[in-house]
Amino acid sequence: MEGPTSTGIPNRKLAMWTFIGSECMLFGTLIATYMIYRGRNLVPPYPHDLLNIPFITVTTFVLLMSSLMMVLALAAVQRNDLRATKLWLGLTALFGLIFLGGQYYEFSHFVHEGLPLSRNLFSSTFFVLTGTHGAHVAGGVIWLSTLLVRTVNGKLDARHAETVEIAGLYWHFVDVVWIILFTLIYLLV
Amino acid sequence: MSRHPAESHPSTRLYVAVAVILAALTALEVMVFYIEALAPVLIPILLVMMAAKFALVAMFFMHLKSDGPVLTAIFAWGVFIATAIVVGLMAIFGKFGA
């Protein structure tokens with residue numbers, strides 16, 4: 001167990017928040033690039049021809065609900081309810097996978113409709129921005145899966161609640177980034 | 001010293017309430033998007049709802065409301081720099097002009 005720290009904040013938690021702060025800047029640069037080139041697309045297809053708002057609303061809802069599953073997993077491990085911890089961790093990872101499946105479908109559809117990565121300004125900025133976010137979701141799913149395996153093997157319980165909390169912070173950050181991307185990319189077309 | 005997480009974090013009922021509000025705000029965003037009469041004020045409405053959802057997740061799911069000012073300051077600084085990058089570059093590239 002980690003001893004007391006000068007800030008009163010566990011070192012790993014402070015490190016995760018610092019990492020999240022730096023990630024804000026990474027996504028800030030990618031969002032800035034997307035916003036600068038938005039509306040300056042000279043080569044079709046254009047965003048409004050391809051973006052499927054009802055479909056992406058469903059995947060957005062799935063990702064939002066995965067954040068609820070994550071906090072329920074944290075609450076469960078804090079009270080040492082390992083059965084509930086496994087359930088909520090598994091559902092969080094599953095919802096993350098469903099979101100990734102939706103992104104795979106969307107990317108495939110765009111390529112099929114004649115919008116590969118290097119087709120135009122929209123495709124370049126869209127794929128890099130949402131692809132970077134998707135890579136973060138994939139990383140989160142892998143991380144959550146390792147926690148689930150550790151719980152199943154009896155190697156994670158209430159004494160490791162901080163480990164689950166730190167993974168949760170990362171997962172919620174991925175969620176807040178998508179809250180921004182959903183509005184800027186899909187609703188402010 | 002920070003309090004024990006289980007003592008300071010919100011209850012399950014509050015987590016569910018926040019998730020319901022997030023889902024409702026998302027549905028409202030999409031509704032607003034399809035209402036043509038709101039087109040002139042679409043951008044401010046959507047940005048306010050986006051900021052509300054962002055704040056709800058950060059405050060309650062990421063526990064910034066209960067975890068103290070140091071972590072909030074670290075996150076707020078990152079968000080401030082990111083926002084400055086976006087707004088600054090959009091201004092430089094004339095995205096706010098007529």
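Domain bounds here come from an automatic or database domain assignment. The model is predicted. For chain B, the assignment gives domain 1 (1–67) and domain 2 (68–98). The C-alpha centres of domain 1 of chain B and domain 2 of chain B lie 20 Å apart. Contact between these domains takes four residues from domain 1 of chain B and four residues from domain 2 of chain B. On the side of domain 1 of chain B that touches domain 2 of chain B, two residues are nonpolar, one is polar and one is charged.

The interface between the chains was examined next. Here, 41 residues of chain A are in contact with 38 residues of chain B. Three elements of chain A give two or more residues to the side that touches chain B: helix 1 (11–37), helix 3 (53–78) and helix 6 (161–187). Helix 1 of chain A supplies the largest share of that side, with 14 residues. By class, the side of chain A that touches chain B holds 26 nonpolar, 13 polar and two charged residues.

One helix pair across the interface can be described in detail. Two packed helices are described by the angle between their axes and the distance between the axes. The axes of helix 6 of chain A and helix 3 (residues 42–61) of chain B come within 9 Å. They cross at roughly 175 degrees. Angles over 145 degrees count as roughly antiparallel. Helix 6 of chain A and helix 3 of chain B are therefore roughly antiparallel to each other.

Helix 6 of chain A brings H172(A), D175(A), V176(A), I179(A), I180(A), T183(A) and L187(A) to this contact. Helix 3 of chain B meets them with L46(B), M50(B), K53(B), F54(B), V57(B), A58(B) and F61(B). The contact of helix 6 of chain A with helix 3 of chain B has 10 nonpolar, two polar and two charged residues.

Within chain A, F95(A) was considered separately. F95(A) lies in helix 4 (residues 82–112) of chain A. A residue counts as buried if 20 or more other C-beta atoms lie within 10 Å of its own. F95(A) has 23 other C-beta atoms within 10 Å, so F95(A) is buried. Leaving aside residues up to four places away in sequence, F95(A) touches V62(A), L63(A), M65(A), S66(A) and M69(A). R40(A) is 55 residues from F95(A) along the chain. The C-alpha atoms of F95(A) and R40(A) are separated by 35 Å.

Conventions:
Residues are numbered from 1 along each chain as its sequence is written. Chains are lettered from A and ligands numbered from 1 in the order in which they are written. This is a predicted model: local features need pLDDT of at least 70, side-chain atom pairs count only at pLDDT 80 or more; totals for chains, interfaces and linings use all residues. Two residues are in contact if their C-beta atoms, placed from the backbone, lie within 7 Å. Helices (H or I, at least four residues) and strands (E, at least two) are DSSP runs, numbered from the N terminus. Ala, Val, Leu, Ile, Met, Phe, Trp, Tyr, Cys and Pro count as nonpolar, Asp, Glu, Lys and Arg as charged, and the others, Gly among them, as polar. A residue is buried if 20 or more other C-beta atoms lie within 10 Å of its own, exposed if 12 or fewer, and partly exposed in between; C-beta atoms are placed from the backbone. Axes are lines fitted to C-alpha atoms, for helices over the stretch in contact, and angles run from 0 to 180 degrees between N-to-C directions. Angles under 35 degrees count as roughly parallel, over 145 as roughly antiparallel, 65 to 115 as roughly perpendicular and the rest as oblique.
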